[in-house]
Amino acid sequence: VGKAATTEPTSQGLLVRDDRRKSVVARGRWLKEAPVAWILIVPVLILFGIAVVFPLFDTIRLSFFDIKGMAPPKYVGFGNYVKLFVDPAFRRTLTTTLVFTIGTTVIAVGVGWVVAMLCAFAPRRTLPFRVMIFSAFGISEAVTGYMWISMLRPDSGGLVNSVIRLFGLPDFAQPWLGDPNTALWALIVAASWGAAGLPLMLCFASVQSIPRSILEAAYMDGARPASIMRHIMAPLSLPGVRVATFITLLNALRAFDVIYVLTGGGPVRSTETVGYFMYRESMTQFKLGYGAAATVILLIAVLIVSVPAIIQRTAGAK
Amino acid sequence: MIGRAPRWVVFTVGAIAFIWIIPIIGVIVTSVRPTEDTILGALTT
């Protein structure tokens, strides 16, 4: 437009003048509207700066200091990070975080996806069941933790052990949260229970958006429900499944409440994730610099998961 | 969906939903039971 506007009068002179006029009008409108836009966005920017940007940069700054109680902070450079990676407890924490995150995501998204595809065969008749499963998503993680404590009680009072004994299998009853071999899996089940509602709704919306003509064609060809699920619904609902996986993955990576309530990172630190490690080091051991370094590692992990997903999701946006 | 949905689909989803709601039912039942019964556990009277 700019180049066309500076050319000498041509046979298309009228068109060039019109382009220049449009450009001037657009610029004038932008100048007129810009202050309003800034007035509207500044309060949000200030709040965002106070609540997110400042704590983020302060945490990164703290991670370069050795802070012990009331003693003056000592600059140690990358010392905290080096110490973290030679600390066997932190290395075990990374493995636990990986197992917990993948386990929770696979179970929550898997259940949500399968149930969503099944619900698509009878959307109205399964509505109460979808509400029942989604209701777990509305409960806070702390309350979820307390619910599962009473479910997994080691004595005969725990519902899980009671049911196992009811089926005549007393040898399988055990202290699910007290045994290092089962505690993490019990935690994954509890976290997945609370997390499956959102993937269910996202996948169901994705399955519902499949063109009706495709399902009609499959039905006319005599495809059975299992084949329709496997060959039509599953591949065509993948965009929704990707969003559900991304959200569940991030939530699992940052999980804290359910771990704090159910196991407190135990027994023998077998359920300690990076989020819980960060809390333990900062708030109970008062090693603020060391805890901040763990926070930065968690932040990097979250960014590694989220940035490619955000780029992919917004690539086509204008 | 096209045609009538198979009955097993509704039963399967229903079964999963009932398993899913058990912890919430547990909390509701616990909230109305006397404390001394609650301490004994879920399937005790």
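Is Ala223(A) buried, partly exposed or exposed? I find Ala223(A) partly exposed, at a relative accessible area of 28%, where buried means under 20%, exposed over 50% and partly exposed in between, with a 1.4 Å probe and protein chains only. Ala223(A) lies in the loop between α10 (212–220) and α11 (225–236) of chain A, helices being DSSP runs of H or I with at least four residues and strands runs of E with at least two, numbered from the N terminus. Leaving aside neighbours within four places in sequence, I note that Ala223(A) is in contact (heavy atoms within 4.5 Å) with Ala218(A) and Ile228(A).

Before going on, I record that this is a predicted model, in which local features need pLDDT of at least 70 and side-chain atom pairs count only at pLDDT 80 or more, while totals for chains, interfaces and linings use all residues. Residues are numbered from 1 along each chain as its sequence is written, chains are lettered from A and ligands numbered from 1 in the order in which they are written, and side-chain values use heavy atoms, with hydrogens and water left out.

Phe65(A) and Tyr75(A) are an edge-to-face pair, 5.6 Å centre to centre with 75° between the planes. Phe65(A) is in strand β1 (residues 65–66) and Tyr75(A) in strand β2 (residues 74–75) of chain A, so this pair ties together parts 10 residues apart in sequence. Tyr75(A) counts as exposed, at 59% relative accessibility.

A stacked pair is formed by Phe256(A) and Tyr276(A), 5.7 Å centre to centre with 20° between the planes. Here Phe256(A) is partly exposed at 23%, whereas Tyr276(A) is buried at 7%.

I then looked for charges over rings, which requires NZ of Lys or CZ of Arg within 6 Å of the ring centre and within 35 degrees of the ring normal. The charged end of Lys83(A) sits over Tyr290(A), 5.0 Å from the ring centre, and that of Arg130(A) over Phe204(A), 4.0 Å from the ring centre.

Last, I turned to α1(B), where buried residues include Val9(B), Trp20(B) and Pro23(B). What covers the buried residues of α1(B) includes α4 (88–119) and α8 (180–195) of chain A.

Notes. Phe/Tyr/Trp six-rings, centres within 6.5 Å; stacked < 30°, edge-to-face > 60°.
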